[in-house]
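Subject: A structure for you to look at

Hi,

Here is the structure I promised to send you. Please open it beside this email and follow along as you read.

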Amino acid sequence: MAAAGLHPCTRPPPPRPAAQKAGRPVGDIHRVLYSAPGSARLGLTDLTIGTNTAHSVAGYQARRGYDLPSGVGTVRDAGRLVNALAH
């Protein structure tokens with residue numbers, strides 16, 4: 001059991017939703033996401049290796065930037081992404 005007044009979880013709290021942080025609806029987030037696919041500034045990681053081939057059906061090759069298998073990348077730092085969407 002945690003000592004009085006201390007949070008028992010050692011991880012930081014999750015980021016607040018972008019709309020809550022901005023104090024307004026954020027609207028269409030595509031402008032921010034597609035401005036820099038895979039950008040660490042946005043808290044994203046670009047996936048550049050692999051395909052979305054499945055069950056012997058040919059897919060597409062991952063590459064730098066936007067691609068069909070991974071889109072704009074995967075979220076690495078949700079706090080950075082929330083900050084980018086809130087501004």
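Helices (H or I, at least four residues) and strands (E, at least two) are DSSP runs, numbered from the N terminus.

Some ground rules come next. This is a predicted model, in which local features need pLDDT of at least 70 and side-chain atom pairs count only at pLDDT 80 or more, while totals for chains, interfaces and linings use all residues. Residues are numbered from 1 along each chain as its sequence is written, and side-chain values use heavy atoms, with hydrogens and water left out.

How confident is the predictor? pLDDT is its confidence in each residue, from 0 to 100. The protein chain has a mean pLDDT of 85, and 83% of its residues reach 70 or more. Confidence is lowest in helix 1 (residues 18-22), at a mean of 86, and highest in strand 1, at 93. Where pLDDT is low, the predicted coordinates should not be read in detail.

Back to Ser-39. Is it buried or exposed? Buried means under 20% relative accessible area, exposed over 50%, and partly exposed in between (1.4 Å probe, protein chains only). Ser-39 has 14% relative accessibility, so it counts as buried. A polar atom of its side chain lies 3.1 Å from the backbone nitrogen of Arg-41. For a polar contact, we look for a pair of N or O atoms within 3.5 Å; within protein, one must be able to donate a hydrogen and the other to accept it, and residues adjacent in sequence count only if both atoms are side-chain atoms.

Now look at helix 3 (residues 78-86). Its buried residues are Leu-81, Val-82, Ala-84, Leu-85 and Ala-86, and they pack against helix 1, helix 2 and strand 2. At the start of helix 3, a side-chain oxygen of Asp-77 comes to within 3.1 Å of the backbone nitrogen of Gly-79. Asp-77 also forms a salt bridge with Arg-80, with the closest N and O atoms 3.6 Å apart. A salt bridge here is a side-chain nitrogen of Lys or Arg within 4 Å of a carboxyl oxygen of Asp or Glu. A search of the whole structure finds one salt bridge. Asp-77 is partly exposed, at 32% relative accessible area, and Arg-80 is partly exposed at 43%.

Which residues does Arg-24 touch? Arg-24 sits in the loop between helix 1 and helix 2 (30-35). Not counting residues up to four places away in sequence, Arg-24 touches Ala-19, Ala-86 and His-87, where contact means heavy atoms within 4.5 Å. Arg-24 and Ala-86 are 62 residues apart in sequence, yet 8.5 Å apart in space, C-alpha to C-alpha. A polar atom of the Arg-24 side chain lies 3.0 Å from the backbone oxygen of Ala-86. With a relative accessible area of 37%, Arg-24 is partly exposed.

Most residues other than glycine have a negative phi, and most peptide bonds are trans. His-55, although not a glycine, has a positive phi of about 50°, and Ser-56, also not a glycine, has a positive phi of about 65°. His-55 is exposed at 79% relative accessibility, and Ser-56 is exposed at 78%.

Happy exploring!

Definitions and conventions: pLDDT is the predictor's confidence in each residue, from 0 to 100.
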